[in-house]
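Grab the viewer and follow along.

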Amino acid sequence: SVSNLPITVFSIHGNHEMRPGTIPSYHITEWRGGKVYVEDEYPNLLFGIDGEVYNLDGKQTIVIGGAYSIDKEYRLAHGWGWWADEQPSEEIRWKVERKLDSLNCKVDVVLSHTTPLKYEPVEVFIPGLDQSKVDKSTETWLDSIEDKLDYKQWYAGHYHTEKNIDRLTLLFGSIQLFGEKAPDAVRTAPLEGSDEP
């Protein structure tokens, strides 16, 4: 199990999962200059909190989690988990914006689950899925953040692909040094259970 490894796993809330703040076993603690969710049973598995800023390897890093599940209706019809708070609420958006305002809209790194709308990797969209029915309010909001933000690198993972777009890096099955832009040709083995070859 990952909890037995001699490492700290720092996670960002995505979709297809409950927010840690809604799970009774999690509590908030301080870590690297910001607040995180942690369970006593798994002290090395941490969840970043949206709008918190952490000092990661000397880099001021903000977390912005959440995304829309394009398979929401399918999940509901089959009794699979879906959570209404998967996307950032107005309160979370306000917190993120106030934090960035307090930092003069400047951070070193952004860790988000999804990407600003302008960076969506449309080439990996599911064929035949009506994109007009996909709620892109989080991506649109991230566009407005990215437009005014002074940052060095942005990482996201929602789209299950590997790609560099300007200063944004989409990660799925690879691991790279934090704060470094991965060369396009460098990849590691795919994650266990992924659809990648």
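**Exercise 1.** Is E52 buried or exposed, and which residue does the E52 side chain meet in a salt bridge?

*Solution.* Next, find the partner: the side chains of K95 and E52 meet in a salt bridge, 3.1 Å from N to O. Now place the two: K95 sits in helix α2 and E52 in the loop between β4 (42-48) and β5 (53-56), so to speak distant parts of the chain, 43 residues apart. Last, K95 has a relative accessible area of 29% and is therefore partly exposed.

A word on ground rules: this is a predicted model, where local features need pLDDT of at least 70 and side-chain atom pairs need 80 or more, while totals for chains, interfaces and linings use all residues. Numbering runs from 1 along each chain as its sequence is written, and side-chain values use heavy atoms, leaving out hydrogens and water.

**Exercise 2.** Which residue forms a salt bridge with E146, and which network does the pair belong to?

*Solution.* The partner is K118, with the closest N and O atoms 2.9 Å apart. E146 lies in helix α3 and K118 in the loop between β7 (109-112) and α3, 28 residues away. On accessibility, E146 is buried at 7%, whereas K118 is partly exposed at 41%. Then follow the shared partners: salt bridges join K118, D143, E146 and D147 into one network.

**Exercise 3.** How are α2 and α3 oriented to each other?

*Solution.* Helices here are DSSP runs (H or I, at least four residues; strands are E, at least two), numbered from the N terminus. The axes of α2 (residues 90-102) and α3 (residues 137-148) come within 12 Å and cross at roughly 5°. Axes are lines fitted to C-alpha atoms over the stretch in contact, with angles from 0 to 180 degrees between N-to-C directions. The helices are therefore roughly parallel (under 35 degrees; over 145 is roughly antiparallel, 65 to 115 roughly perpendicular, the rest oblique).

Definitions and conventions. A salt bridge is a side-chain nitrogen of Lys or Arg within 4 Å of a carboxyl oxygen of Asp or Glu. Buried means under 20% relative accessible area, exposed over 50%, partly exposed in between (1.4 Å probe, protein chains only).
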